[in-house]
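Thanks for asking me to look this model over. Below are my notes as numbered points, for you to read alongside the coordinates.

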Amino acid sequence: MRRRTLLTAGAAVASASVAGAWAYAAGRTGVAPLAVPSVPPGRERCELRYSKARGATVDFYTAVPAGHGDGAGLPVCLVLHGGSKRPADFAQLGLGRFLTDAVNRGAPPFVLAGATGDRLSWQPNGTDDPQRMVHEELPAWCAARGYDTGRLAAWGWSMGGYGSLLLAEAFPQFVRAVAAFSPSVVPGDAVFQATGRLTGTPVGLWCGRDDPLYVNVRALRRALPALPEAEAFGPGKHNFGYWSTLLPAAFTFLGTRLTSPAPTPR
């Protein structure tokens with residue numbers, strides 16, 4: 001298998017996809033710089049894997065916080081990207097450094113893991129099924145590296161925020177928590193229709209007030225079966241300059257939930 005490895009120490013569906021792409025473009029004016037911490041990442045890798053669920057070769061990214069070796073035994077946060085980035089971009093975004101920084105500040109350690117979902121809103125499109133890849137294949141790839149896939153969370157931004165919420169709804173109790181940055185939701189879409197299936201799953205929800213999706217995300221907040229356990233709706237647009245400022249709180253929320261006792265199945 002050819003590998004590239006980086007090593008360091010329906011209608012509703014269409015509506016959501018279009019909304020996400022529009023919001024990203026609309027929010028890019030005046031993009032703020034990334035607030036990447038000046039700490040070293042731990043072991044961070046991106047290599048190629050063949051996904052049967054997608055019928056394609058995809059990037060498979062993992063990051064372990066510095067000081068935790070190869071990450072064996074650590075729980076996993078599944079990362080669902082937005083429309084403009086792919087796992088090959090995650091190191092440049094500083095995700096490994098944000099992870100180390102969060103752990104240094106007291107967050108329980110965990111691993112980040114993501115794979116390429118393209119611009120399908122993390123839903124099936126004919127024989128291409130990125131959601132099944134995340135549900136079935138990504139945990140298996142992580143387990144092969146020794147990570148604890150009995151403890152999973154999901155996090156994503158924009159299109160990936162939509163996909164993370166949809167994943168938690170499609171498979172209740174599959175993840176111990178879900179975090180969404182500016183999810184590309186539209187009232188009446190698949191995520192709104194299934195919010196009741198998030199009962200018992202802790203939710204983190206963030207969106208900037210200058211984001212074109214702000215009104216939709218606030219509507220989602222009201223539709224959730226319980227208030228988000230972590231949230232913020234401060235000044236910010238639909239870009240990674242804003243989202244990078246949310247990562248410390250989000251990673252603390254996710255790490256805490258990943259190491260808390262599992263919720264009782266409904």
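**Notes on the predicted model**

1. Let me begin with helix H3 (residues 95-104): 8 of its 10 residues are buried, so this helix is largely enclosed by the rest of the structure. Buried here means under 20% relative accessible area, with exposed over 50% and partly exposed in between (1.4 Å probe, protein chains only). Helices (H or I, at least four residues) and strands (E, at least two) are DSSP runs, numbered from the N terminus. The buried set in H3 is Leu95, Gly96, Phe98, Leu99, Thr100, Asp101, Ala102 and Val103. These residues pack against strand E1 (44-51), strand E2 (56-63), helix H2 (90-93), strand E4 (111-115), E5 and helix H8 (240-258), where contact means heavy atoms within 4.5 Å. Just after H3 comes Gly106, with a positive phi of about 115°.

2. A word on conventions, before you check any of this yourself. The model is predicted, so to speak of local features pLDDT must be at least 70, and side-chain atom pairs count only at pLDDT 80 or more, while totals for chains, interfaces and linings use all residues. Residues are numbered from 1 along each chain as its sequence is written, and side-chain values use heavy atoms, with hydrogens and water left out.

3. Next, the nonpolar cores. A nonpolar core is a set of buried Ala, Val, Leu, Ile, Met, Phe, Trp, Tyr and Cys residues joined through side-chain atoms within 4.5 Å. The largest one has 44 residues, and Val76, Leu78, Met133, Val134, Leu138, Leu165 and Leu220 have the most contacts inside it. Helix H5 (residues 159-170) gives the most to this core, with 6 residues. A second, separate core of 32 residues includes Leu99, Leu112, Phe181 and Ala250.

4. Which residues does Val76 touch, leaving aside its neighbours within four places in sequence? Val76 is in contact with Val111, Ala113, Cys142, Tyr147, Asp148, Arg151, Leu152, Ala153 and Leu258.

5. The aromatic residues deserve a look. Rings of Phe, Tyr and Trp (its six-membered ring) pair if their centres lie within 6.5 Å; planes under 30 degrees apart count as stacked, over 60 as edge-to-face and the rest as tilted. There are 13 such pairs in the structure. In one of them, the ring centres of Trp155 and Trp157 are 5.2 Å apart and the planes are at 50°, so the pair is tilted. Trp155 has a relative accessible area of 0%, and Trp157 has 1%.

6. Trp155 also pairs edge-to-face with Phe181, at 5.6 Å centre to centre and 70° between the planes. Because Trp155 lies in strand E5 (residues 148-157) and Phe181 in strand E6 (residues 178-181), this pair ties together parts that are 26 residues apart in sequence. Trp155 and Phe181 are both buried. One aromatic cluster takes in Trp155, Trp157 and Phe181, and its members also include Tyr61, Phe90, Trp206 and Trp243.

7. On to the strands, which pair if DSSP finds at least two bridges between them. E1 and E2 run antiparallel, joined by 8 bridges, and form a hairpin with 4 residues between them. Glu47 has Phe60 in E2 as its bridge partner, and Gly55 in the turn shows a positive phi of about 65°. In E1, 7 of the 8 residues are buried.

8. Strand E7 (203-206) has parallel partners in both E6, through 4 bridges, and E8, through 3 bridges. Val178 stands opposite Val203 in E7, while Trp206 stands opposite Ala232 in E8. Val203 and Leu205 point one way from E7, Gly204 and Trp206 point the other way, and all are buried.

9. Finally, two backbone angles to inspect. Most residues other than glycine have a negative phi. Ser121, in the loop between E4 and helix H4 (130-144), has a positive phi of about 55° although it is not a glycine. Ser182, in the loop between E6 and H6, has a positive phi near 45°. Both sites are covered: Ser121 is buried at 1% relative accessibility, and Ser182 is buried at 0%.
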